[in-house]
Amino acid sequence: MSPGKQASEREAAAPMAAGARLEAMRRRVRLSRLAVWTVIAAGPIALGIAVTSTPTTVEAATSSRPTAAVHTTAQAADPAGYAQMFVNAWLRSSADDAASAQARLAQSMAPDVDLPDPAADARSTPASVTVVRSAQRADGAWSVTVAAQYADGAVRYYAVPLAADRAGDSFAVTGAPGVVAGPVRAAVPKSSYGVSVPEGDLSAAVGEFLAAYLTGAGEVDRYLAPGVSLSPVFPAPYTAVTVQQVSAVEETAASDQVPADGTNVRVVAQVEARDNGGRWPLAYELALTARSGRWEVSALASGTALDGGAR
């Protein structure tokens, strides 16, 4: 290539290189300006956040309204069911047959507890095993009392020591059960139903309602106060219901006449229910309200579930 041509190319490339460097410088300047404006903008935003949050903080600090303290207490899992299952398996097992299903279950739950060794003529296995009470002795340590009832009516109580984690994910029988005395009968408080209700409108309303409720004789709704919804027991468990005695809390319930509308009374009815299997003494607590010269049931406080279903 001739010297003249090379010089011409160098002259043409020089402006192009200079333009590229100038464009790169411009990009750096634009990026720098953007960064500066970003920093400047961050100042007012942060200031605005601080200004808007300050009154809330001051209000919380200076508010005179009382605040309710929230206490969260973790409830330790009760191993009562685990103790019941262990005693049931332990009483049905024998050291002479450690390979039986009940013995293997008992040993899996308490490997360090020996199996019983009943004599050949010993009392039969329990008809039922029921938890009577459970008490937490220390953090994770429990004592559960279980009652074993036999077919001949005898009852024996066992205290079982257990350990349980707080989450209720694991339990362990920590020692052999011990035979203990059963719970004593608690003192029964005086009943608040001290008013005897004679035969009349109130006792008749109670009897008719319970007959419909337990035998299906008639519609339950016709005996209910407005707004009260109550399903009868289904299927009906009894063929006949007879009221034996009605007692009330309020003296108004003993009146011969139905009082003014809106008068409320609370009663307990002792009834005799019959079915093909025999006679059954039952008791029901009811609330009744006077309306239009008649008594209507406004609440069923005991007896069976409000949503019906045989029990």
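The model is predicted, so local features need pLDDT of at least 70 and side-chain atom pairs count only at pLDDT 80 or more, while totals for chains, interfaces and linings use all residues. Residues are numbered from 1 along each chain as its sequence is written, and side-chain values use heavy atoms, without hydrogens and water. Helices (H or I, at least four residues) and strands (E, at least two) are DSSP runs numbered from the N terminus.

- Strand 8 (residues 264-275) and strand 9 (residues 278-291) run antiparallel and are joined by twelve bridges; strands pair if DSSP finds at least two bridges between them.
- These two strands form a hairpin with two residues between them, and Asp 275 has Gly 278 of strand 9 as its bridge partner.
- Strand 9 also runs antiparallel to strand 10 (residues 294-300), with six bridges.
- Arg 291 stands opposite Arg 294 in strand 10.
- Two residues lie between strand 9 and strand 10 in their hairpin, where Ser 292 takes a positive phi near 55°.

**Helices 2 and 3**
- The axes of helix 2 (residues 80-91) and helix 3 (residues 101-109) come within 8 Å and cross at roughly 140°; axes are lines fitted to C-alpha atoms over the stretch in contact, with angles from 0 to 180 degrees between N-to-C directions.
- The crossing of helix 2 and helix 3 is left-handed, meaning that the near helix is turned anticlockwise from the far one by less than a right angle.
- The contact (heavy atoms within 4.5 Å) includes Tyr 82, Phe 86 and Trp 90 of helix 2 and Leu 105 and Met 109 of helix 3.
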